[in-house]
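Have a look at the structure first, then read on.

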Amino acid sequence: MLYKTEDKPDLALLIALSRSTQAVHRRSAVIFKESDMTLAQFAVLEALYHKGDMTIHQIIESVLSTSGNMTVIINNLEKENLVQRHANPSDKRSFLIAITEKGREKIATTFPKHLQDLKKCFSVYTENEKEQLIRLLRKIK
C-alpha cells in the first residue's frame, strides 16, 4: 500500500473538494452553454464586466488560468466581438482587453442565471455553514 491509514482523511478531503468543484462547474457549464460560452469565456467576460479593462496577465491572475489557454480564449471572444484589444497607455508592449457592448449584454443576461443556480446549489448550507466553510478553506495555502 502506498499510503498509511492516517493519510486517508487527507486523501478523502482532496477527493471531496475536487468532486464538489467539478459538480458546481458541471452545473455552471450548462448555463454557460445556453449562452454559447465556455466556463473560461464566462470567467473572462465576468472579470472584465466587474473590474474593467485588464491586461491578459491581469485576467490570468483574476480567473486562475494559464497564459497559453488565455490567448486562445481572448482570441475567440474577440472573433465573436465580445471583447476588444487596445493599446495599454501605461505599457506600450501590452494590450488592454475591454468588454464590448455585445459582451456586456451577454454577461448581463447570463450572470443572474449563474447566481440563481449557485444559490440553489449551495442551499444545502446555512449562511453560518457557508461562512465557516469559507474560513476553513482559506486556511489552505
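**Ser-28 and its surroundings**

Setting aside neighbours within four places in sequence, Ser-28 touches Leu-39, His-114 and Asp-117. Keep in mind that this is a predicted model. Ser-28 itself belongs to helix H1.

*Buried or exposed?*
- Ser-28 has a relative accessibility of 3%, so it counts as buried, the cut-off being under 20%.
- Helix H5 has its own set of buried residues: Gly-103, Lys-106, Ile-107, Thr-110, Phe-111, His-114, Asp-117, Leu-118 and Cys-121.
- Among the things covering those buried residues of H5 are helix H1 (8-34), H2 and strand S2 (95-99).

*How H2 meets H5*
- To describe two packed helices, you give the angle between their axes and the distance between the axes.
- For H2 (residues 39-51) and H5 (residues 101-121), that's an angle of about 105 degrees, with the axes 10 Å apart.
- H2 and H5 are therefore roughly perpendicular to each other, since angles of 65 to 115 degrees get that label.
- On the H2 side, the contact uses Phe-42, Leu-45, Glu-46, Tyr-49 and His-50.
- H5 brings in Arg-104, Lys-106, Ile-107, Ala-108, Thr-110, Phe-111 and His-114.
- Sort the residues of this contact by type and you get six nonpolar, three polar and three charged.

*Checking the length of H5*
- H5 has 21 residues, so at 1.5 Å a residue it should span 30 Å.
- The C-alpha atoms at its ends are 30 Å apart, which agrees with that expectation.

Note on methods: Residues are numbered from 1 along each chain as its sequence is written. This is a predicted model: local features need pLDDT of at least 70, side-chain atom pairs count only at pLDDT 80 or more; totals for chains, interfaces and linings use all residues. Side-chain values use heavy atoms; hydrogens and water are left out. Axes are lines fitted to C-alpha atoms, for helices over the stretch in contact, and angles run from 0 to 180 degrees between N-to-C directions. Helices (H or I, at least four residues) and strands (E, at least two) are DSSP runs, numbered from the N terminus. Angles under 35 degrees count as roughly parallel, over 145 as roughly antiparallel, 65 to 115 as roughly perpendicular and the rest as oblique. Contact means heavy atoms within 4.5 Å. Ala, Val, Leu, Ile, Met, Phe, Trp, Tyr, Cys and Pro count as nonpolar, Asp, Glu, Lys and Arg as charged, and the others, Gly among them, as polar. The expected span of a helix is 1.5 Å times one less than its number of residues. Buried means under 20% relative accessible area, exposed over 50%, partly exposed in between (1.4 Å probe, protein chains only).
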